[in-house]
Amino acid sequence: MTSLATIYRPYFPVGAAVEPETLTTQGSLLVSQVNSVVAENAMKWECIHPSSGSGPAAYDFRRADTIVEFASRHGWSVRGHNLVWHQQCPSWVFQEGAGSASRERVLGRMREHIAALLVHFRGSVYCWDVVNEALSERAGSWRVDSPWFRAAGAEVDGTGVPEYVLRAFQYARAADPSVQLFYNDYRIESGDKLRGALELVRALRSKGLIDGVGIQGHWTIFEPDPEDVRHAIVSFASLGVKVQITELDLSVFRSGDSASLPALPSELERRQAKQYGALFKVFREEAQAGRLSGVTFWGIADDHTWLDDYPVKGRKDWPLLFDTAQRPKSAYGTVTQW
Ligand code: XIL
């Protein structure tokens, strides 16, 4: 079997999200196919900084370090995911005694957390998703139900950017001026969310605080139109930032569909192959034009995918290029032969 990483070397690094466990259960497939990696959960706040406090005892770097060490043994680059997100962040971050922590206290904790991670992973993680999913799906709006927004959501500089977003990028820049800073989000390839993301990137870019945008790429075999994805890549790149696809997987279920299937029907496998093929054609063309610099899958094979529990708990999905036995699916063919 040919290697994705080798075939795509002229275009971009090919990555996968991993857990320490999947380095074992999917290790040989990963070693043969990717040259970049991201922690599916191990660098998120609740995993790496579960207890309150800022001293070394408050952090638990073991799971993340396992991934970084494996990556370094295999010469892979490592993306950092993520520093500030409304999910998988412990409630102590936003509390003080029985009440809510002050804006200053929450921002202080954020600054310490960001500095601790950037120092710990300095030189081994080349970029960070500094803020994940700050935009709401509602037209042109911030995610106001985020505890970060509640604590420090007001703008402070007239650009409309919530303070917590601005500070996260400032703290990260200060902690390690050499690491690349990304904004990462889903459904930013079209519509109001694209417009909102472009405004955010423009504002951060004018302050020199952002280097790249991650388009997550949690899509389906039915949408989006690959030309919409191209348009988004071109639009972000025109602002002078790097663009990556950071969490690629194509569910075989339409958005909103809660039905389940006993196995992957061949017709859907064909459709998936077609959609993956069309997307990678756009990715190659945009990479050649200097506008796309990385593609990371959210997993590698269908035996381990978060979509088995999202959006329908316990429903099997088949979103990746390799099947549950880690053999190449039809989509592997359309991605590797053109
Ligand atoms: C998901 C993980 O894959 C799951 O294991 C975890 O239970 C929830 O988070 N957008 C992101 C990722 O930015 O961090 C999410 O990862 C998937 C959606």
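Reader: Where does glutamine 88 lie?

Author: Glutamine 88 lies in the loop between S3 and S4, where strands are DSSP runs (E, at least two residues) and helices are DSSP runs (H or I, at least four residues), numbered from the N terminus. This is a predicted model, in which local features need pLDDT of at least 70 and side-chain atom pairs count only at pLDDT 80 or more, while totals for chains, interfaces and linings use all residues. Residues are numbered from 1 along each chain as its sequence is written, and side-chain values use heavy atoms, with hydrogens and water left out.

Reader: How should I read the backbone angles?

Author: Most residues other than glycine have a negative phi, and most peptide bonds are trans. Glutamine 88, although not a glycine, has a positive phi of about 50 degrees. The peptide bond from histidine 81 to asparagine 82 is cis, with omega near -15 degrees, and asparagine 82 belongs to strand S3. Also cis is the bond from glutamate 223 to proline 224, with omega near 0 degrees; proline 224 is in the loop between strand S9 (218-220) and helix H10 (226-237).

Reader: How many aromatic pairs does the structure hold?

Author: A pair of aromatic rings is described by the distance of the centres and the angle of the planes. The structure holds 21 such pairs, counted when ring centres of Phe, Tyr or Trp (its six-membered ring) lie within 6.5 Å, with planes under 30 degrees apart called stacked, over 60 edge-to-face and the rest tilted. One of them joins phenylalanine 94 and tryptophan 148 edge-to-face, at 4.8 Å centre to centre and 80 degrees between the planes. This pair links distant parts of the chain, 54 residues apart, with tryptophan 148 in helix H7 (residues 147-152).
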